[in-house]
Amino acid sequence: WVAGEVGTILYTEDGGETWETQESGTEQALSSITFINEKIGWAVGEQGIIIHTNDGGKTWVTRTKTELFLLKAFFVNNQEGWAAGRQGVLNTTDGGKKWVRQNMGITGTIMSIFFINSRTGWVLAGDVVYRTLDGGKKWDKSELPQSAFPVYGRPGAGVTLRGDINFTDDKNGWAVVGFGIIFHTNDGGNTWINQLQSDPMSYGLNRLSFIDAKKGCASGSSI
């Protein structure tokens, strides 16, 4: 599945060779979509909408509308999930029926959130990555290498950044932020190195996903 402007949701079952449209029930821009299996999924929108399907996207229903500008949704299982964005993070423990805003002590836009289980997770906020080992009660901070950012693309330079973070286990993870700069960690996010920088084809990248420590893909507005 992919989601986008004017409530667009597209679905493929042949590896992306062909795509069909699914009716989302909203005209709000959808910024993130996530599934835990072939049937159950959620999507969130920039105007705070959260929608849900339990039949593989054949029907979508609005679960809630919030005041947050949401950029990313992620579910650990069919009950516990997170939605993150410009004004903070929401958490649900009942499959999205009720969402509670989290007091995480994190400033800035949270561009992405990812958990490998109910306790271990990361958020990407500008050029900073936060990690929790206790389900979000405490967050430890690490910074992405500043030297990798062009001056005009650094957080706080007046440029609106999008980004994403993804882990395959508790050690190996990747983050993309700014103008298609991809970072990698092999120690759970304590330290990061940049793997892709200044490649014209990378401009506009703001989403990535890995299926194991070797295979992954990235996408964005330019490619």
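A caution before the contacts: the model is predicted.

The structure has 11 aromatic pairs.

Take Trp-1 and Tyr-11. Their ring centres are 4.8 Å apart and the planes meet at 40°, so this pair is tilted. Tilted is the class left over once planes under 30 degrees are called stacked and those over 60 edge-to-face. The two residues are 10 apart and the pair links distant parts of the chain. Trp-1 belongs to the segment before β1, which covers 2–3, while Tyr-11 is in strand β2, residues 9–11. How accessible is Trp-1? Its relative accessibility is 27%, so Trp-1 counts as partly exposed. Tyr-11 has 19%, and therefore counts as buried; the cut-off for buried is under 20%.

Next, Trp-174 and Phe-210. Here the ring centres are 3.7 Å apart with the planes at 5°, so the pair is stacked. Trp-174 sits in strand β17, residues 173–177, and Phe-210 in strand β20, residues 205–210, so the pair ties together parts 36 residues apart in sequence. Buried or exposed? Both Trp-174 and Phe-210 are buried.

Last item, the charge over a ring. The ring belongs to Phe-69, and the charged end of Arg-86 sits over it, 4.0 Å from the ring centre.

That is the list; I will take questions.

Technical notes:
Residues are numbered from 1 along each chain as its sequence is written. This is a predicted model: local features need pLDDT of at least 70, side-chain atom pairs count only at pLDDT 80 or more; totals for chains, interfaces and linings use all residues. Side-chain values use heavy atoms; hydrogens and water are left out. Rings of Phe, Tyr and Trp (its six-membered ring) pair if their centres lie within 6.5 Å; planes under 30 degrees apart count as stacked, over 60 as edge-to-face and the rest as tilted. Helices (H or I, at least four residues) and strands (E, at least two) are DSSP runs, numbered from the N terminus. Buried means under 20% relative accessible area, exposed over 50%, partly exposed in between (1.4 Å probe, protein chains only). A charge sits over a ring if NZ of Lys or CZ of Arg is within 6 Å of the ring centre and within 35 degrees of the ring normal.
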